[in-house]
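Hi everyone, thanks for coming.

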Amino acid sequence: MTRKSSLTLALLLSLAAGAKAYGAIGAEIPLANTDIGNQAYVSYYTEGNLQKFLQSNVVLTKVNAIYNLSLTPNRETSITRGKTALFNHTLTNLGNAVDNYELSHDYGEEREVKVYLDKNSNGILDSGEVELISEKNQYIIRELSPGDRVSLLVTVLTTDRDDLTNGVVGNLSAKSLTNSALAPVSVEEKIKFQVGGNAIVYKALSKASGTSEFDTEISVFLKIANDDLIKAATNFSLTDKLDTKFKYVKGSARWRNYNGVETVLTDIKDGTEGNTNNDVPVEFEYVEATQTLDFKMPNGVPANKQLESNNGYLEFKVVVPAGTAIGSIPNKADYKFTPDGGAETPRSSNLVNYEVLKFVRATFTGYDIPIGQAGETLRFINRFENTANAPERYSLSLSDEFFPSGTTFRMMIESKEGDKVVERPILDTNGDGKIDTGLVDVGPTNAINVILYATLPINMPNPGSNYKIVKNAESNFKPGYIVKANDTLGTIRIATVDITNNFSISERPEDAPGIGLGPERNPVTQNIANPGEVSNFVLHINNTSQYVEEQYSLEVSTKPDFSDMTLPAGIVVKFKQGGGAEVTKTAKIAPNGSQRIDAEVTISRTSTAAIIPLYFRVTSLVTGSRDIKYDSLNINAIRSVQIIPNLYGETYAGGNIVYTHKVRNNGNVLEGDGKASSLVLGLRESIAQWRTETFLDVNKNGIFESGIDTPFVDFATIGGLKAGEEVTIFARVFAPLGAVAGTTNKTTITPNVSQGTYSTVPTITSATDDTKVLAEKLTITKYQKLTPGGSWTTKLQNANPGEKIYYRIEVRNSGSDDARTIELKDTVPFYTTIVYGGTTGIAPPKFEVRNSNGTIATSGDIKNLPPSGSRGELSVSVDTLSPGQILSMEFVVEIAPLAGKPVPNPVEP
């Protein structure tokens, strides 16, 4: 079946769209003025078992402008003498900076030579191609960006006077106009003359480039011509073996005969086709196993079928599959024919390249945690996969935060580096001021996990549900392309605690006395005692939380709602742990664990007979969870103020620490109301410039809350202390900025009680808070240099692509105590690869620990590092870094080189 077509070859070829090609400068080649650098970081544990993270300074190396170019390839063509020869070449900017170029040829002024920009890179002079205007045989190409290339077409008109045997030879040259020190490059153009019939095949694509985000269909055109006016090119056959990245569209082949009739060709060889109106018959076959198209013209290519005519071409379609990696897909055809009186002549068509351009696409999966608990650190794991066709970096940010007020967030990245899975802080790896994923390669095996740690506040009176935060990843290559991952939390549970008598829940899980949330309606335990005696209640504090290690403050009241914390006159309750040590809070209790606390009730000799309800309450210092247990004291029918306990803590210079104390009236009279007596807190520091502030536990929850708990000194402001009453106060101790590490200040708090209207002298006790100044253990500094013998510096350096950067990271313990479990990490910067061993002449990366006198305590090769020639993370682990010791790590990277032998611009630094 045939159909007439009015489309011309030139019109079809003009469908090709021009595009920049990135063959010379890849995604990891640094452009001029690119900054190369990043930060190292170290983690360690303090003496207080607190893990800390420190980041080093950023060291930057600015990449110099480098200039280089290529002009390829040499070309040879065979035409009939007197016709026009056509050559196609590619000029590529192999440098890393924008450049201008001058083209020239040596054919001489007497020969007509023209140079065109081949805007669709198909190697054929189509309609609309831009001719470059010559100025004294000079053609200017302006503003070619790094890695860009332009396709050039050169036409050379031959004459009947040209040497039939030797043909014509000329050269096309190009030189940089920016860097005069760069030598020109040239290609040779050789014209041979064919007699007795001359078959010419030119190839073109319907488009020169495109992304592979989806399957892309491309039309391929093969123009078959014979520029001999008399002789046919006999025994013509053509083979087009497709690149594996092209997929042939079955049944798509068409032959447009020289009479303008188009025929649909069958893929299976079945004899001649297209012999309509006595025009040229053809044979066609597609061999799927080898992806080869075979095309024959048994009668040859007729004479005088000029290249510029509209007919005589083979067309078929191919598909570039979605996800094809960036780069060039080459395509050319091989053909042969027999000229009149000559031997079989093999030739190739022009080479055309289809450029697969970069696109961005990624997936970012959300993570749901059904239940969280107050104070818990939740770990949201978001899998990020680059599903595009080239490596890409994505900036990371958080938005649409709907989490409880006071929730803190931090992000980490978990990725596979070699055989290990490592988790590291998220850094800004390209110097744009935004944290990012680093360069993520394509495919599921290169996916990373972006980890979001969310630490819930410890105190949430009314926790809600359906919490959400959005994690955004935005492409650096295509700003505005953002993928989102929703991290959700279903509900938040308040932590729980349960007080039981005599037995813990683990001992009596079903019937431990007082099991369940209190207070109970009736006393769980009733003790009977006489005045002057001591009665003991055995309490078991059961941490019934599933996730959080808890510590609880201990309180007692005669009111179930603790609206009045005053015990009756003459009644004093002390909480004691094993061994009889008095405490105001429990030790840290593991989830589902318990601790025995004895509530020792001292009854004054003057106490009257009464049944006194005792409500024991514990409140978590971590999450605020609490329980109340109801006991009672049956009393069958003196002046003293005490502050407890003595405490010890640590803080840094310029920091502060809060201590919790109880002030008790152990007598049987009112103290400190301002009338009967006065009771004022006195403070004394052992070191000058230290300062302490005292606060009243206003809401009586045992937890210091800035803005709620008020400054407090005089007990008259609360009506004094009744007999047996106690209050909780907080002492916030401030260490001055210049406090010397390792020193300890002693804060003495004394409840100064006046004689007042009473006849007896009060007995008072003081409490002391010992505060030690911790040293800020470690400092970390990163250095660099550009030559092995150079000096280490933190300042900006300038280097060329292909040169090396030497890095040294130093971690110094400038404190007074050991730092423990030190882990020093750094990553190979973008645009570089680590180099060592083999033929490099560079020793494998090493680390050292030196003492304060410079002697080496320990050293060795870095075990955790990427292979030479790649990127990744380096890490060194040291058990202990003592005061004065320095941990150092050194390694060498190479800046990605440019193609060829680039030459720096002599004008630039």
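Predicted model: local features only at pLDDT ≥ 70, side-chain atom pairs only at ≥ 80, totals over all residues.

**A walk through the model**

Is Leu-60 buried or partly exposed? With a relative accessibility of 30%, Leu-60 counts as partly exposed.

Staying in this part of the sequence, please find Thr-46. Thr-46 sits in the loop between strand S3 (41–45) and S4. Thr-46 has 2% relative accessibility, so this residue counts as buried; the cut-off for buried is under 20%. What is Thr-46 in contact with, once its neighbours within four places in sequence are left aside? The partners are Lys-52, Tyr-652, Lys-777 and Arg-820.

The largest nonpolar core has 36 residues, and the ones that touch the most other members are Ile-224, Phe-236, Trp-255, Phe-295, Met-297 and Phe-316. Several strands give two or more residues to this core, among them strand S19 (216–226), strand S20 (234–241), strand S25 (292–297) and strand S26 (313–320). There is also a second, separate core, made of 33 residues, and Val-63, Leu-778, Val-828 and Phe-847 are included in it.

Leaving out residues up to four places away in sequence, Phe-316 touches a list of residues including Ile-218, Val-220, Leu-222, Tyr-248 and Leu-293. The list also holds Ser-219, Asp-240 and Ser-252.

Next, some strand pairing. As a reminder, strands of a sheet pair through backbone hydrogen bonds, and they can do so in a parallel or an antiparallel way. Please find strand S34, residues 392–402, which runs antiparallel to strand S37, residues 436–440, with three bridges joining the two. Within this pairing, Ser-395 has Asp-436 of S37 as its bridge partner. S34 also pairs with strand S39, residues 465–475, again in the antiparallel sense, this time over seven bridges. There, Leu-398 stands opposite Lys-471 of S39.

Asp-436 comes up again when we turn to side chains. Asp-436 forms a salt bridge with Arg-393, and their closest N and O atoms are 3.8 Å apart. Why does this pair tie together parts that are 43 residues apart in sequence? Because Arg-393 lies in strand S34 while Asp-436 lies in strand S37. Arg-393 counts as buried, at 6% relative accessibility, and Asp-436 counts as buried too, at 1%.

How many salt bridges does the structure hold? The answer is 33, so let me pick out a few others. Glu-894 forms a salt bridge with Lys-804, where the closest N and O atoms are 3.4 Å apart. Glu-894 is in strand S68 (residues 886–895) and Lys-804 in strand S62 (residues 804–813), so this pair links parts that are 90 residues apart in sequence. Here Glu-894 is partly exposed at 22% relative accessibility, and Lys-804 is partly exposed at 25%.

Another salt bridge brings together the side chains of Lys-825 and Glu-823, at 3.8 Å from N to O. In that pair Lys-825 counts as buried, at 8% relative accessibility, whereas Glu-823 is partly exposed, at 27%. And Arg-379, Glu-414 and Glu-423 are linked in a network of salt bridges.

For our last stop, let's look at an open sheet. Six strands make up this sheet, in the order S55-S54-S56-S52-S50-S58, and the pairing is mixed. Which strands are at the edges? They are strand S55 (710–711) and strand S58 (763–764), each of which pairs on one side only. Inside the order, strand S52 (residues 656–665) and strand S56 (residues 726–734) are antiparallel and share nine bridges. Ile-657, for example, stands opposite Val-733 in S56.

Finally, Asn-656 belongs to strand S52. Asn-656 is partly exposed, with a relative accessible area of 39%. Apart from residues up to four places away in sequence, Asn-656 touches Thr-651, Arg-732, Val-733 and Phe-734. Between Asn-656 and Thr-692, 36 residues apart in sequence, the C-alpha to C-alpha distance is 9.2 Å.

Key: Residues numbered from 1 in each chain as written. Heavy atoms only, no water. Pairing = 2+ DSSP bridges. Helix = DSSP H or I, 4+ residues; strand = E, 2+ residues; numbered from the N terminus. Buried < 20%, exposed > 50% of the residue type's maximum accessible area, 1.4 Å probe, protein only. Core = buried A, V, L, I, M, F, W, Y, C linked by side-chain atoms within 4.5 Å. Contact = heavy atoms within 4.5 Å. Salt bridge = Lys/Arg side-chain N within 4 Å of Asp/Glu carboxyl O.
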